[in-house]
Amino acid sequence: MFGCKGFNTHQEQVQGALWWNWILDQLRYSPGDDAATDTVALPPRVEATISPEDVKEGNSISLFCDIVEGNPQNLLRVRWFKEDEMLHETTEREIVWVGVTRNSSGIYSCEGENAAGWGERSEEKELLVQYLPGPAYLTELDSPAIKGETSSLQCLVEEPGLPPASVYRWERDGELLATTSSENYTTDIHRVNSKGNYSCSAVNEVGVGPKGYEYIPVYAPPTFIQDLPDIRGAARDAPFISFECRVECEPLCEIMWTKDGERVTNSELFIVRNRIVPEDILHNRFRSVTSTLQFNMTAWPGRRLERDRDRANYTCMSTPNMVGDGVSSSMLFLVEYPPEAMSLSDSVIQVQEGDVPPDVECSASSWPPSTYLWLRGKMVMARDDVLAFNYSVTRDHEGQYVCVAENRHGKSQIEMKLEVLYKPECVISETTDEAGASVLMCKADGFPTKINFTWSKDNETLDDEFDMDSEDDDNSVYVLPSSAERYGLYVCIAINDVGASEPCERMVSGPGLAGWHAEFGDKNVLVIAAIIGSIAILFVLAIIIIILIMRKRRLRKWEWMGNEMNGVHGDSKCFSLIRNQFTKTLIRGKCITSTPFQGHL
C-alpha cells in the first residue's frame, strides 16, 4: 500500500501518492523561489532509482527521480511510468510504497519538468517483488504403504514463487523428515511408527510456502512371529501338550489349525484359543494374533499317547489380508522313544599306516534327538556324531570304536572296526622240528595277515625242492639239509598286500667251532671250552708272576740307593720313608738323619 489510505487499485495508489505530493508542493510554493536562474533554460535529464530493487512482498520501497542536468535544477513536476503506461504525475522526486505486492513487479521509468519544459524519459529500472511459493499438494504414488518397503511421495506446487522454489520440505506429524531439491521423496523403510500425517511444502529465499497434508497408514502382510518347529514330540504319559503360533498382520487376520489336512476346532480332544496382541513399537511389530492348540489328555484314549496312532502332521495357517496372502507352518508330531536303528557311514575302515582315516558318521532314529559319544575302551574319542581322526594312524590305533547314542529315554550303541594295514616285519630263528631236524623259521608280523615268503641262500633263491611250507600264514619253515650245503647266509622276505618286508638274515656257520659242533656233537664243544678256560687261567697266572718279579727288583734297587744316601750306619727310618714315598710317587723335601746329611730328591 501507499502512504495515503483509501485507494484500492495499484493505479489508484500511485495516483493518490502523486496528488498528495502535489498538494504539499502547492502549500509550500512561493513566487520568489525562481528568481535566481541561469540565463539559458534547458529541459531536465533525469535518472530513476528504485530502492531496494529486489524486495519481498509486503515490504516497502522508495522510487526516486533525480535531475542529472538541466536549467533550472529544480523539478516542477515528475511523471512515473510502468512499462509504457503512465501511472501519475507528482511534484515530489520521491514516492514511498508501503506493503508492495507481487503485482508491483515491472519496468519503471520517470521524466521531469522544469521551467524549460519536460525532459526525456529516464532509463528503465526493473522492480522484482519476491513472494512465497503457493500451496502444496502431497500425493502418495505407490499406495498402500507396507511394512518393510518404501513409499514414493510427490509434492505438487502450482505457484513456484519468486524466486522459484528450489527446496521441498517433508514432515511427519510435524517432525522434519528430509529436505529435497526435487518434488519427489522416497521414504525410509516403513516401520510400525511410520504411519501418520505427512506434509510437504515448497521453499524459496522468501520462506516456506503453505503445506499440503496427507495421512498415510502402514499395513503389514501376514507374517509369522512364532511358527511351528519342524518336529515336536512328547512322552507317552505327558499330562499336558500344547502348540502355539503367532502371526503379525495389519489389517488383522484369522488363524486356524489342521491335523493331517483336516480342520481342528474346539472338541472333546482339542482346545483352540486365539488372542490379539497389541502393536509393539519397541520390537517393530504390528498387531498380531496368537493361537494355541491344546490336547485334552483327560479325554485321550487311555489318557496316554501311542507311538503309531498319534503320529501326525499339524499345521497352523492364517487367512490373507488386503496386502498379503495367508501363511502356514507345519510340524510333525511324534511320540518320544529311545535311540534305535543305529547305522554308520562305514562299519569297517581299512587304512594304510601313516595315512589319515576318513570321518565316520553315526546316526540313530530317536526322539528327542540323541547325543553321541565315541569310545575306544574307556577312552572318549569324540562327543559328536562324527568321529574325525585328523591325524596319521599307526598299527596301535587299530581296534574297535564304539558309538553310543543316548536321549532321556535310553541309549544304544554300534561298533566300528579300524584296520591299519602295514607291510610285514620278519625275524629268523633256528630250531628243531618234531622229527628232530634242524630248521630255520621266518616269522612275520603284518596286516593283512595273509603273508607270502621267499627264501634265498648266499644270494640264490631257494626253489621248491626244499621244504618251505607252514600251516600258519605268519611264518615259513625251512628245513636245513644234513650235508655241508647247509652252511651259508640265509635271507627271508615276507610279502603281503601292502608290500615287502626288509630282508631278515641268519648265518649258518661252516667249519670251525661251529663245524666241530656239527661234526662231533656237544661233547667236543665241552672239551674245547675246558681247554680254552685252562689256557686263560695259565695266562693270568703268568701275568701275576711277572708283576711280583718286577716289584721285587724295584725294592732291591731302592735299598741300594738308601745305603748310598745314609751310609752303612744311616737311619733306617729315612730309607723306609724314601721307599714308601717312592711307591706312592711322592717324596717329601728332606730326610733328616743322625748324621749331618740333607738332600733333595
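**Close-up views of a predicted model**

**View 1. Arg246, a buried charge without a salt bridge.** Arg246 is buried, yet it forms no salt bridge: Asp280, the nearest side chain of opposite charge, sits 5.9 Å away. Keep in mind as you look that this is a predicted model. You will find Arg246 in strand 20, which covers residues 242–250. What does the side chain of Arg246 make a polar contact with? Its partner is the side chain of Ser288, at 2.9 Å.

**View 2. Tyr391 in a loop between two strands.** Here the loop joins strand 32 (386–387) to strand 33 (399–407), and Tyr391 is part of it. Tyr391 counts as partly exposed because its relative accessibility is 30%, a value between the cut-offs of 20% for buried and 50% for exposed. Setting aside neighbours within four places in sequence, Tyr391 contacts Asp355, Val356, Pro357, Met381 and His397. Gly354 is 37 residues from Tyr391 along the chain, and their C-alpha atoms are 8.6 Å apart.

**View 3. Confidence along the protein chain.** The mean pLDDT is 83, and 81% of the residues score at least 70. Where is confidence highest, and where is it lowest? Strand 25 (residues 312–318) has the highest mean, 97, while helix 2 (residues 513–520) has the lowest, 42. Residues 512–525 have a pLDDT below 50, and this stretch makes nine contacts in the model beyond near neighbours in sequence. Please read residues 567–601 with care too: their pLDDT stays under 50, with 31 contacts beyond four places in sequence.

Terms used:
Residues are numbered from 1 along each chain as its sequence is written. This is a predicted model: local features need pLDDT of at least 70, side-chain atom pairs count only at pLDDT 80 or more; totals for chains, interfaces and linings use all residues. Side-chain values use heavy atoms; hydrogens and water are left out. pLDDT is the predictor's confidence in each residue, from 0 to 100. Helices (H or I, at least four residues) and strands (E, at least two) are DSSP runs, numbered from the N terminus. Contact means heavy atoms within 4.5 Å. Buried means under 20% relative accessible area, exposed over 50%, partly exposed in between (1.4 Å probe, protein chains only). Lys and Arg count as positive and Asp and Glu as negative; His and the chain ends are not counted. A salt bridge is a side-chain nitrogen of Lys or Arg within 4 Å of a carboxyl oxygen of Asp or Glu. A polar contact is a pair of N or O atoms within 3.5 Å; within protein, one must be able to donate a hydrogen and the other to accept it, and residues adjacent in sequence count only if both atoms are side-chain atoms.
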